Amino acid sequence: MSKVKYYYDQETLSYRKIEVKKGKKIRNFFVFLLAAFLFGMIGLFTLLNTGLVNTPKELSTTRELKQYELQFEILNKKMEQMEKVLTDIEERDNNIYRLYFEASPIPEEQRRAGFGGVNRYQALEGFDNSQIIKNTTRRLEILQKQMVVQSKSLDEITKLAENKEKLLATIPAIQPVNNKDLKRMASGFGWRTDPFTKARKMHWGMDFSASRGTPVYATGDGVVKRSDNKAAGYGNHIRIEHGFGYESLYAHLSKYNVRKGQKVKRGDLIGYVGSTGRSEAPHLHYEVFKDGQRINPINFYYGSLTPAEYEELLHVASQENQSLD
């Protein structure tokens, strides 16, 4: 209940009740409502500008930003795992693959090179999360470059492996006459006594003594370069070009089993032991060339002899005796 108010009337010398007119009450009521509305709007405006209260749109935007930040954190963790895997591949590439195929390792600075020059990330500046976006983008681009470098390296290794496989197949690697068919290894590579002049001269191959008609085999894959008797002293002979600078020669044959231009595989029958040309007795004179220079064939029998057999062959070949041609 509202309080009753009085005022002192000096004329009647008495207190009189204050009567509030109905119109004034209505006016006061509306004045109160207007003041309350104005104070409410001012308070709401103050709250919105101080950040104490967010609008639904602002709340939605904040949630989206937090979600983006979370996604960037997850992306960075995934990139960290990828970097570890790529680092392991790079180490094996440099220390195993490239080392095995005799290729120079890729320098670390080439693998980890960044991007200099102009500011590549200017468009990413000016945002609340610009730094994390720039760092993630830079990290991703460097990772992409590392993967390109590694991919090209593996392409190179693949080609080297193909060449290595081909080299291993073509290089002379077996004895041209089977051990079971040999009478003896008559003479090795080096200075020997000539059977005709008895003078000491350089013997450029190895002589394998065997019966006439004993099979002679190609010591590596290649193409028959010559199959004739037009070279002085060699009689009927075959020359095979293996590639990678290697050639092999088989001399004093009784007959051929291949012709010029024919492709052969290691172990193919190419001819038969004889004593044609400058020869003292039936045997196979065998030579190996590398880049046009004669080299000791003793180093090219790893594909057909046991360690003990090779040791025995090495001992006999090192003796300075009389050759058969």
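I looked up the side chain of His 283 and found that it reaches the backbone oxygen of Ala 281 at 2.7 Å, a polar contact being a pair of N or O atoms within 3.5 Å, where within protein one must be able to donate a hydrogen and the other to accept it, and where residues adjacent in sequence count only if both atoms are side-chain atoms. This is a predicted model, in which local features need pLDDT of at least 70 and side-chain atom pairs count only at pLDDT 80 or more, while totals for chains, interfaces and linings use all residues. I also noted that residues are numbered from 1 along each chain as its sequence is written, and that side-chain values use heavy atoms, with hydrogens and water left out.

His 283 lies in strand 14, which covers residues 283-290; strands (E, at least two residues) and helices (H or I, at least four residues) are DSSP runs, numbered from the N terminus.

Is His 283 buried or exposed? His 283 counts as buried because its relative accessibility is 0%, buried meaning under 20% relative accessible area, exposed over 50% and partly exposed in between, with a 1.4 Å probe and protein chains only. Leaving aside residues up to four places away in sequence, I found that His 283 touches Asp 207, His 252, Val 273 and Leu 324, among others, where contact means heavy atoms within 4.5 Å.

Three strands form an open sheet in the order 7-13-11, with antiparallel pairing; two strands pair if DSSP finds at least two bridges between them. Strand 7 (215-217) and strand 11 (253-256) stand at the edges with a single partner strand each, so one side of each has no neighbour in the sheet. Strand 11 is joined by three bridges to strand 13 (residues 269-273), and the two run antiparallel. Within this sheet I noted Leu 253, which stands opposite Val 273 in strand 13.

Among contacts between residues at least 6 apart in sequence, 65% join residues at least 24 apart.

Last, I checked residues 65-92, which UniProt lists, in an unreviewed entry, as "coiled-coil region". In the model this span is 100% helix and 0% strand, and its end C-alpha atoms lie 41 Å apart.

How values were computed
UniProt positions renumbered as here; feature names shortened; annotations may be inferred.
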